[in-house]
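This report looks at strand pairing, salt bridges and surface charge. Please keep the structure open while reading.

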Amino acid sequence: MAVANFPALQFKTCDIFRSTPKCFKLLPLQKTNLFVKTLVVEAKANTRTESAKIRNRRMLKKFNGTPRRPRLSVFCSEKQLYAMLVDDKNKKCLFYGSTLQKSIRDDPTCTTIDAAKRVGEELVKACIDLNINEISYYDRNGFARGERMQAFEIAIANYGFLPT
């Protein structure tokens, strides 16, 4: 613990301002205690999901969807797959499909892998209707591919969205 002790300072206003002839005396400063604390910086390692989210936010700054070249955003949970075509300029969702939709799942009943393939096929049909030939960015939300994601990617790669 360091303690600072300063003597009283004396100035004349004529020395400082040169306009007033009066002189004044500054009061002595009180003793002040200066405490010095050490700064401790702890590094926290990002978990896999946190780093994926950070990476995804950084990529979204670079790639934005337009009505002619929308962004394809796909999220794959433990059991389901969700896909969206997003127009970021107008802030609209052009297409939404998931493996939970009854129109995709019940005609006839199927597994989630087959439903993910059907979501890809529905996405291709929606792109043909909207006259969309390419996407600006394929956003997997930073997560690795699984069987549902691979089935979905095969369906849209046949249309030409992804390299084979």
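Two strands count as paired if DSSP finds at least two bridges between them. The model is predicted.

Strand β6 covers residues 81-87. Its neighbour β5 spans residues 71-76, and the two pair in the antiparallel sense over six bridges. Cys-76 faces Leu-81 of β6 across this pairing. A hairpin is formed by β5 and β6, with four residues between them.

Strand β7 takes up residues 92-98; six bridges join β7 to β6, and the two run antiparallel. Here Leu-85 stands opposite Phe-95 in β7. Four residues separate β6 and β7, which form a hairpin. Lys-91 sits in that turn and has a positive phi of about 55°.

How many of the seven residues of β6 are buried? The count is five, so the strand is largely enclosed by the rest of the structure. The cut-off for buried is under 20% relative accessible area.

## Salt bridges

The whole structure holds three salt bridges. In one of them, Glu-134 meets Arg-69 at 3.7 Å, N to O. This pair links distant parts of the chain, 65 residues apart. Glu-134 is in the loop between α4 (112-129) and β8 (137-139), while Arg-69 is in the loop between α2 and β5. Glu-134 is partly exposed, at 42% relative accessible area. Arg-69 is partly exposed too, at 36%.

Arg-71 bridges to Asp-88, with the closest N and O atoms 3.0 Å apart. Arg-71 belongs to strand β5 and Asp-88 to the loop between β6 and β7, so the pair ties together parts 17 residues apart in sequence. Arg-71 is buried, with a relative accessible area of 10%. Asp-88 counts as partly exposed at 22%.

Glu-122 and Lys-125 form a salt bridge at 3.8 Å, N to O. Both lie in helix α4, three residues apart, about one turn of the helix. Glu-122 is partly exposed, with a relative accessible area of 34%.

## Positive patch

Which residues form the positive surface patch? They are Lys-53, Arg-55, Arg-57, Arg-58, Lys-61 and Lys-62. Arg-58 is placed in helix α2, residues 48-62. Its relative accessible area is 45%, which makes Arg-58 partly exposed.

## Leu-162 and Tyr-138

Leu-162 lies in the segment after α5 (147-157). Leu-162 is buried, at 15% relative accessible area. Tyr-138 is 24 residues from Leu-162 in sequence and 8.3 Å from it in space, C-alpha to C-alpha.

Technical notes
Residues are numbered from 1 along each chain as its sequence is written. This is a predicted model: local features need pLDDT of at least 70, side-chain atom pairs count only at pLDDT 80 or more; totals for chains, interfaces and linings use all residues. Side-chain values use heavy atoms; hydrogens and water are left out. Buried means under 20% relative accessible area, exposed over 50%, partly exposed in between (1.4 Å probe, protein chains only). Patches are made of residues with over 30% relative accessible area and no salt bridge: like charges are joined within 9 Å, nonpolar side chains (Val, Leu, Ile, Met, Phe, Trp, Tyr) within 5 Å. Accessible areas come from the Shrake-Rupley method with a 1.4 Å probe; for residues, only the protein chains shown count as cover. A salt bridge is a side-chain nitrogen of Lys or Arg within 4 Å of a carboxyl oxygen of Asp or Glu. Lys and Arg count as positive and Asp and Glu as negative; His and the chain ends are not counted. The place of a charge is taken as NZ of Lys, CZ of Arg, CG of Asp or CD of Glu.
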